[in-house]
Amino acid sequence: MTPSNAASSPDPTVQPVPASVVQQVDAADSTLHNPKRAVLSLGSNLGNRLETLQGAVDALADTPGLRIKAVSPVYETDPWGVDPGSQPTYFNAVVILKTTLPPSSLWERAQAIEEAFERVRDSRWGPRTLDVDIVTYQGAVSDDPALTLPHPRAHERAFVLVPWHDVDPDAEVPGHGAVAGLLPALAGQGVRFRADATLALPD
Ligand SMILES: Nc1ncnc2c1ncn2[C@@H]1O[C@H](COP(=O)(O)OP(=O)(O)OP(=O)(O)O)[C@@H](O)[C@H]1O
Ligand SMILES: Nc1nc2c(c(=O)[nH]1)N=C(CO)CN2
């Protein structure tokens with residue numbers, strides 16, 4: 001409650017807040033109330049693939065400034081971009097989230113989660129315990145090689161688009177159009193629904 005004599009005898013312990021600080025606080029506050037929607041792709045083809053994907057979902061759910069809105073079904077998928085049969089099949093899924101993290105921080109968090117699962121980088125598209133890619137971040141388009149948005153190959157990958165379409169049938173890949181429209185061209189890629197492998201969204 002404001003004392004009635006506040007104007008005549010201001011509280012001497014209250015210091016004026018510089019305008020620049022007020023601006024920064026207002027900006028941070030509006031970000032907090034304006035979370036961005038991002039889509040992540042999870043993949044694993046070494047070790048216990050389902051446990052690893054669940055671990056990644058749990059780690060994401062534990063991230064401050066991030067809320068998971070949907071977790072897709074799990075698909076068993078043929079390795080994309082390498083010789084058929086040259087590495088184990090993947091488990092893939094997609095997570096839709098809302099976050100107040102900027103893209104760079106979301107990417108750092110994704111890297112940290114990969115590292116927690118002892119991801120090794122041997123060769124391009126080589127087998128891995130865990131891969132976490134940022135597929136889209138709120139319609140952002142960027143050609144920064146460190147974080148290209150949308151992910152530069154997402155629109156060619158059934159292992160991304162099939163689970164994504166399950167949890168968001170109206171999804172679009174910025175610059176490439178509706179996921180539903182991209183899917184027919186990718187029909188032969190070897191993506192099999194695994195009814196026995198489901199990911200839980202932590203409370
Ligand atoms: N949208 C993105 N999501 C994740 N990493 C990205 C993205 N755009 C660019 N990168 C960069 O790609 C580099 C290689 O990433 P990574 O090792 O996960 O590739 P990959 O999974 O083998 O292949 P791909 O990029 O085709 O999925 C990373 O160091 C990262 O900086
Ligand atoms: N099926 C499948 N193939 C891939 C995958 C993946 O997650 N699933 N990830 C790759 C590099 O990101 C390369 N190839």
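The shell around ligand 2 has five nonpolar, four polar and three charged residues by class (Ala, Val, Leu, Ile, Met, Phe, Trp, Tyr, Cys and Pro count as nonpolar, Asp, Glu, Lys and Arg as charged, and the others, Gly among them, as polar). This is a predicted model, in which local features need pLDDT of at least 70, side-chain atom pairs count only at pLDDT 80 or more, and totals for chains, interfaces and linings use all residues. Residues are numbered from 1 along each chain as its sequence is written, while chains are lettered from A and ligands numbered from 1 in the order in which they are written.

**Ligand surroundings**
- The residues around ligand 2 are Gly43, Thr77, Asp78, Pro79, Trp80, Gly81, Tyr90, Asn92, Trp125, Asp131, Asp133 and Phe159 (a residue is near a molecule or strand if its C-beta atom, placed from the backbone, lies within 6 Å of it).
- Two or more residues of this shell come from each of β4 and β5.
- Around ligand 1 there are 12 residues, of which Asp133, Ile134, Ala146, Thr148 and His151 come nearest.
- The shell around ligand 1 has five nonpolar, two polar and five charged residues.

**Overall fold**
- The chain has five helices and eight strands (helices, H or I of at least four residues, and strands, E of at least two, are DSSP runs numbered from the N terminus).
- Their order from the N terminus is α-β-α-β-β-β-α-β-α-β-β-α-β.
- Of the 203 residues in the chain, 30% are buried (buried means 20 or more other C-beta atoms within 10 Å of the residue's own, exposed 12 or fewer, and partly exposed in between, with C-beta atoms placed from the backbone).
- Among contacts between residues at least 6 apart in sequence, 70% join residues at least 24 apart (two residues are in contact if their C-beta atoms, placed from the backbone, lie within 7 Å).

**Nonpolar core**
- The largest nonpolar core has 39 residues, and Leu40, Ala56, Val95 and Ile134 touch the most other members (such a core is a set of buried Ala, Val, Leu, Ile, Met, Phe, Trp, Tyr and Cys residues joined through C-beta atoms within 7 Å).
- At least two residues of this core come from each of β1, α2, β4, α3, β5, α4 and α5.
- Ala56 touches Leu42, Ile113, Leu130 and Val132, not counting residues up to four places away in sequence.

**Helix α2**
- The 13 residues of α2 (residues 49-61) should span 18 Å at 1.5 Å a residue, and the end C-alpha atoms are 18 Å apart, which agrees (the expected span is 1.5 Å times one less than the number of residues).
- Arg49, Thr52, Leu53, Gln54, Ala56, Val57 and Leu60 are the buried residues of α2.
- These buried residues pack against β1, β2 (66-71), β4, α3 (103-116) and β5.

- Helix α4 (residues 158-167) is largely enclosed by the rest of the structure, because seven of its 10 residues are buried.
- The buried residues of α4 are Ala158, Phe159, Val160, Leu161, Val162, Pro163 and Trp164.
- The elements covering them include β1 (36-44), β3 (75-77), β4 (90-99), β5 (131-137), α5 (179-182) and β8 (191-193).
- Ala171 lies in the loop between α4 and β6 (172-173), and counts as partly exposed because it has 19 C-beta neighbours inside 10 Å.
- Leaving aside neighbours within four places in sequence, Ala171 is in contact with Trp164, His165 and Val179.

**Annotated segment**
- An unreviewed UniProt entry places the feature "domain: 7,8-dihydro-6-hydroxymethylpterin-pyrophosphokinase" at residues 124-135 (UniProt positions are given in the numbering used here, feature names are shortened, and annotations may be inferred rather than shown by experiment).
- Residues 124-135 are 0% helix and 42% strand, with end C-alpha atoms 18 Å apart.
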